[in-house]
Amino acid sequence: MKFRTRLRVTFVTIIALPLVLTALAFCGIGLYLMNIQDGFPVEDLDYTAMTENMGEVVDATDGVFLNLKRQIAEDPSRLADREYLEAVNSQIIRKTTYIIVRRENELYYAGNRNAAEAIFSRLPAYGEQGAEDSGFYFDDMDKYVKKADFLFPDGARGSAFVVTKVNSLISRKLLVDMFVAIFLILIFTGLMLTRWIHKGVFDPVNELNVAMRRIKEGNFDYILQTDVKGEIGDLYRNYEDMRLRLKENAEENRESEKQNRELVSNISHDLKTPITAIKGYVEGIMDGVADTPEKIDKYIKTIYNKANDMERLINELTYYSGIDNNRIPYNFHRINVSDYFGDCIEEVGLDLEQKNIQLNYANLTGGDTIIIADPEQMKKVINNIISNSVKYLDKTHGVIDIRILDEADSIRIEIEDNGKGIAQKDLPKIFERFYRTDASRNSAQGGSGIGLSIVKKIIEDHGGYIWATSREGEGTCMHFVLRKYIELQEEI
């Protein structure tokens, strides 16, 4: 339930419930004050009597009493007829007023027998003065009585009484009882609403507090589930979304930290080898081991090559930091595929020729095929892939094939070598950061493990995708796809 609805229900309840309970208390206290135990069944109660003053009670009693006195004056024998008495009693509008007829000292007729038996012994005697004039009021029983004497046909003495139950809502007892009742009603209402609000609001908030403490402690497995609607349900669902997001981020951070540790380990290992070699060759020169110009020249070239290896590793690390923070600078241009890749092949071919590696190139796209790409970043992709191919060539006669294929609205570039290939179990992982198929991390072949992840990042940033196929002992082929640039023709 929404907070707004809950507040509306609370507002209505605060007003309506005390009113209803007060009305019930009023009726209950009224019943008590009318002395139900004295003989008035609930169905015979006259609730108007609760609001009448004493004058109204006297008037109602006198009306019945005058009718009886007229009948005694005309024909007192009618009062010996119980059916007549029953008819007179039933015609009394006020239900708390009834007739009692006494014959000598015995109860001859009672309009309300239970109530009559309670007061019968206290009724005034035959011929006693006062009851016929002003009547008697029994304060302890709240009853008003008027008496008329007559003789039965056989001469027996009789008395007819009109008895009325008197109640007043303005009595001190009623005021005290109503005050206590209202106080208890307010306490009950407050407790009920407090419990309802506590269960509907504070209990869920406490559960959320516990859950947030668990999150603070790093426990992202504390689940909160609910089918509740409204704001509380939204809070639970938002917490669950937050928990899952934080758990995912924590797992990514742990994985990132693991990869960073691997990177440091890889870079440290790969830097240690050339540094050790450089120190050894420098010591050789200093100790005079290189005692001929040819040896000194060889040592210096080796030192130079090892320094280049170190620079390459540092550059890869710097570049990786850029892609990891999405800070690679791209300068996209419209590039003619034939011209661009022709220049790349010419540049790469000179380097491969010096390493005695054969380069084959085929461009099967049209001469006017254009792509949108960053020339420098795309060159890094090609150089990284070819560098990997050269690194893992294990044949005497190395061959690298570069093919550019036309695929309708895109081009596919394939770079294939005849190296030692990649195991099928490793193939899906080669584009992951820091993944290296050579567990030994031989510096002669193993790199930092981020080269292909850089390639994948650049290709994806160009809107393309990359994958690899390989057979162990036969070679590896890298495939990547780039979309063509198609200029829209204006309709005439």
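Which residue in β12 does Ile411 stand opposite? In β12, that residue is Leu482.

Before going on, some ground rules. This is a predicted model, where local features need pLDDT of at least 70 and side-chain atom pairs count only at pLDDT 80 or more, while totals for chains, interfaces and linings use all residues. Residues are numbered from 1 along each chain as its sequence is written, and side-chain values use heavy atoms, leaving out hydrogens and water.

Two strands pair if DSSP finds at least two bridges between them. Strands of a sheet pair through backbone hydrogen bonds, either parallel or antiparallel.

Now the sheet that holds β12. It is open, has 5 strands in the order β7-β9-β10-β12-β11, and its pairing is mixed. β7 (357-363) and β11 (465-471) stand at the edges with a single partner strand each, so one side of each has no neighbour in the sheet. On average, neighbouring strands here are turned by 15° against each other, direction ignored; axes are lines fitted to C-alpha atoms, for helices over the stretch in contact, and angles run from 0 to 180 degrees between N-to-C directions. Inside the sheet, β10 (residues 410-417) and β12 (residues 475-483) pair in the antiparallel sense over 7 bridges.

Helix α9 (residues 375-391) packs on this sheet and touches β7, β9 (398-407), β10, β11 and β12, where contact means heavy atoms within 4.5 Å. The direction of α9 makes about 170° with that of β12.

α9 also meets helix α10 (residues 451-461): their axes come within 9 Å and cross at roughly 145°. From α9, the residues involved include Met378, Val381 and Ile385, and from α10 they include Leu452, Val455 and Ile458. The residues of this contact divide into 8 nonpolar, 4 polar and 1 charged. Here Ala, Val, Leu, Ile, Met, Phe, Trp, Tyr, Cys and Pro count as nonpolar, Asp, Glu, Lys and Arg as charged, and the others, Gly among them, as polar.

Last, strand β5 (residues 157-165). Of its 9 residues, 8 are buried, meaning under 20% relative accessible area with a 1.4 Å probe, protein chains only. β5 pairs in the antiparallel sense with β1 (residues 97-103) over 7 bridges, and with β4 (residues 143-151) over 9 bridges. Arg102 has Ser159 in β5 as its bridge partner, and Lys147 stands opposite Phe161 in β5.

Methods
Helices (H or I, at least four residues) and strands (E, at least two) are DSSP runs, numbered from the N terminus. Buried means under 20% relative accessible area, exposed over 50%, partly exposed in between (1.4 Å probe, protein chains only).
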